[in-house]
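The following exercises are intended for a reader who meets this structure here. Each task is followed by a solution in steps.

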Amino acid sequence: PRRPPRSWSRRCPPLLHLRSRPSAMPAEPAAAHAAEKPPLTSDYLDCAQLRFSLGCTTVADKAPLKAQLLKQIEEKEMAPFYRATCEALGWEADAALLAKLEAANATELARLSDAIKTAEESEGESEICSAMLAKAEFLMRIGERAKALAALEETYAKTVGLGPKLDLLLTKLRLALFFDDKKLTADTIDAAKGLLDQGGDWERRNRLKVYEAVFHISTRSFKKAADLLLDSVATFTATELISYNTFVLYTVTTSLLSLPRADLKSKVIDAPEILQVLGEIPHLANLLNGLYECRYRTLMEALVGIVDSLYADRYMHAHTRFYWRELRVLAYNQFLESYRSVSLAGMATSFGVSADFLDKELSGFIAAERLSCKIDKVNLVVSSTRPDKQSAQFHSAIKQGDLLLNRLQKLSRVINV
């Protein structure tokens, strides 16, 4: 091939030379920084869930859970959390263990305070913020709510940049969820959304969606939670908050109450990210497919099985009875849409319950105007009283036409005068 002239390199744009040069930044400090900051895990919030499960009456075998929680407490030296757990669950505190944990906490706090003082005397702002964040995360880890919150606020005031500030707010959200502080959670979510309006990467934005969805689950806003969870299915990375299996459990259970059948099929049943773990969660596949495929006996059996799991969950616990009731109402309405009338015994067989139970169940929902049907106690028949859509539209059109004619007559009288 022909050799380029010597003057070729002189005519090249400077960017071509710059691209071929090695980076002036050394690789070692970046690697060291990555080593100093281990990836986030769900261990912190797992401790809150373990303590909650130990207080639930539906959990049969609590010995393994207690051993697991005590192991976490000892490994992470959580003296304040251990003291609060003993008070909440009525345990007798181990004085030797508590003294050991408190001594370790005092030593570590002294070291972290010295690191902050050293950074303030001889290092820059980024090193000061890192030292302050380390102390805040330690206080958060051991269960010192008030001190950890104050330390996070102080660190946030000194932090520069949207990314680090969003990370601090996500850390603050984990603290709020750990202690079930709904007001702090709502305020922190609003603050994080305000920062995201100014910018922010997609990874943090998607993680915030999962945090917000969990908050909406805890406040029974299942529709909002389902929308946020479905948006995060393909990009879920918030493993420091919940596991992926728990994420799928929340997604499916909230979607069942929130989505119409067509959306349920396209967004949940056919979603490959959900299908790959659906079988690992007990009763969840039967719950989902039982409702969609109108296999109501399977649905009821799965609902009975999954209620205990929901009752032992920190965020779903307070809404388990509501979920149990609403999903049954949804199933009854879906069943009755296909019939003008059906025998009570036939409907009871479809749901796998007795006729007497179904009679009492439907009577309560009919009285509360949750079901559009009536029960013929003589012939033991359930008749649908749902109005025909075409007939309702016809009567609505006639009524609106009458109103329009009356207004035109009034207008004509005014014009004539």
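What share of the contacts in the protein with a separation of 6 or more comes from residues 24 or more positions apart?

Solution. The model is predicted: local features need pLDDT of at least 70, side-chain atom pairs count only at pLDDT 80 or more, and totals for chains, interfaces and linings use all residues. Residues are numbered from 1 along each chain as its sequence is written, and side-chain values use heavy atoms, with hydrogens and water left out. A contact means heavy atoms within 4.5 Å. On this basis, residues 24 or more positions apart supply 59% of the contacts with a separation of 6 or more.

**Exercise 1.** State how many helices and strands the protein has, and what percentage of its residues is buried.

Solution. Helices (H or I, at least four residues) and strands (E, at least two) are DSSP runs, numbered from the N terminus. There are 22 helices and three strands. Buried means under 20% relative accessible area, exposed over 50%, and partly exposed in between (1.4 Å probe, protein chains only). By that rule, 39% of the 417 residues are buried.

**Exercise 2.** Describe the surroundings of Met78.

Solution. Begin with its place: Met78 is in the loop between helix H5 (63-76) and helix H6 (79-89). Next, consider its cover: Met78 counts as buried because its relative accessible area is 0%. Then list its partners: leaving aside neighbours within four places in sequence, Met78 is in contact with Cys47, Gln72, Ile73, Leu101, Arg141 and Ile142.

**Exercise 3.** Is Ala331 buried or exposed, and which residues does Ala331 touch?

Solution. Ala331 belongs to helix H19. With a relative accessible area of 0%, Ala331 is buried. Not counting residues up to four places away in sequence, Ala331 touches Leu291, Tyr296, Leu299 and Phe351. Between Ala331 and Leu299, 32 residues apart along the chain, the C-alpha separation is 8.6 Å.
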